[in-house]
Amino acid sequence: MFNLQIITVSTRDNRVGPAVAQWFIGESQNHGKFNVDPIDLADVDLPLFDEPNHPRMQQYMHDHTRRWSEIIKRADAFVFVMPEYNHHAPPSIVNALDYLGSEWAYKPVGFVSYGGVSGGTRGVESLLNILATLKLVPMAEAVNIPMFFQHIDQATGAFNPGERQAQATITMLDELLRWTGALKTLRA
């Protein structure tokens, strides 16, 4: 089975990203076609990019970069669980992407985006140029969750956006699986 990293992007205090990610992790495990590897950028705790050498050289000087490189190397595919900030991707994911080069290449990436009316889609769109430069392959199929706050149980903090997003999850994961297999040959 392929290794799917589900990366919780938001790192700020009082974030809902972990609740959204927990829901998606459960859906991915129910899908049953990937080994699910949850990653939280708040736990990775990367400082603002501080490597003296360009990432394409892979001459990492800092332990945090070497650890991040090893984490990303073990993935066959990714899903970014992300909000949008000011019609843009959170700086945490831009920084995390910028740290590495070839570790990202020829791997597909899906999105679970959440926000207000747009469901975080503008944040996803703002990443597309960076993803192309890193040779990541973004999926058109996505899980967009508008008005996400309506799907949080106030008593437990649990997140459940409902059947429509659950079906979108299956569609995206099935497509991600196809691309993961196809791109594997480029990484060999």
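# Close-up views of a predicted model

**View 1. His 64 and its contacts.** Leaving out neighbours within four places in sequence, His 64 is in contact with Leu 46, Pro 47, Asp 50 and Tyr 99; contact here means heavy atoms within 4.5 Å. The structure is a predicted model, in which local features need pLDDT of at least 70 and side-chain atom pairs count only at pLDDT 80 or more, while totals for chains, interfaces and linings use all residues. Residues are numbered from 1 along each chain as its sequence is written, and side-chain values use heavy atoms, with hydrogens and water left out.

His 64 sits in helix α3; helices (H or I, at least four residues) and strands (E, at least two) are DSSP runs, numbered from the N terminus. With a relative accessible area of 16%, His 64 is buried. On this scale, buried means under 20% relative accessible area, exposed means over 50%, and partly exposed lies in between (1.4 Å probe, protein chains only). The side chains of His 64 and Asp 50 are joined by a polar contact of 2.9 Å. Such a contact is a pair of N or O atoms within 3.5 Å; within protein, one must be able to donate a hydrogen and the other to accept it, and residues adjacent in sequence count only if both atoms are side-chain atoms. For orientation, 32 Å separates the C-alpha atoms of His 64 and Asn 30, which are 34 residues apart along the chain.

**View 2. A salt bridge between Arg 74 and Asp 37.** A salt bridge is a side-chain nitrogen of Lys or Arg within 4 Å of a carboxyl oxygen of Asp or Glu. The structure holds nine of them. Side chains of opposite charge can pair when their charged atoms come close. In this view, the side chains of Arg 74 and Asp 37 meet at 2.8 Å, N to O. Arg 74 belongs to the loop between α3 (63–73) and β3 (77–83) and Asp 37 to strand β2 (residues 34–40), so the pair ties together parts that are 37 residues apart in sequence. Arg 74 is partly exposed at 43% relative accessible area, whereas Asp 37 is buried at 14%.

View 3. An α-helix has 3.6 residues a turn, so residues three or four places apart point the same way. Both partners are partly exposed: Arg 66 has a relative accessible area of 35%, and Asp 63 has 47%.

**View 4. Lys 184 and Asp 76 in a salt-bridge network.** The side chains of Lys 184 and Asp 76 meet in a salt bridge of 3.9 Å, N to O. Lys 184 is part of helix α6 (residues 163–187) and Asp 76 part of the loop between α3 and β3, so the pair links parts that are 108 residues apart in sequence. Lys 184 is partly exposed, at 40% relative accessible area, while Asp 76 is buried, at 12%. Through salt bridges that share partners, Asp 76, Lys 184 and Arg 187 form one network.

**View 5. Helix α4, mostly covered.** Six of the eight residues in α4 (residues 91–98) are buried. They are Ser 92, Ile 93, Val 94, Asn 95, Ala 96 and Leu 97. What do these buried residues pack against? Their partners are α2 (41–44), α3, β3 and α5 (121–133).

**View 6. Ser 118 in a loop.** Ser 118 is found in the loop between β4 (108–114) and α5. Its relative accessibility of 17% makes Ser 118 buried. A polar contact of 3.3 Å joins its side chain to that of Arg 122.

**View 7. Aromatic pairs.** Rings of Phe, Tyr and Trp (its six-membered ring) pair if their centres lie within 6.5 Å; planes under 30 degrees apart count as stacked, over 60 as edge-to-face and the rest as tilted. By this rule there are nine aromatic pairs. The rings of Trp 23 and Phe 159 have centres 6.0 Å apart and planes at 75 degrees, so this pair is edge-to-face. Trp 23 lies in helix α1 (residues 17–31) and Phe 159 in the loop between β6 (143–145) and α6, so they tie together parts that are 136 residues apart in sequence. Both Trp 23 and Phe 159 are buried. Phe 80 and Trp 104 also form an edge-to-face pair, at 6.4 Å centre to centre and 90 degrees between the planes. Phe 80 is in strand β3 and Trp 104 in the loop between α4 and β4, so this pair joins parts that are 24 residues apart in sequence. Ring pairs link Trp 68, Phe 78, Phe 80, Trp 104 and Phe 111 into a cluster.
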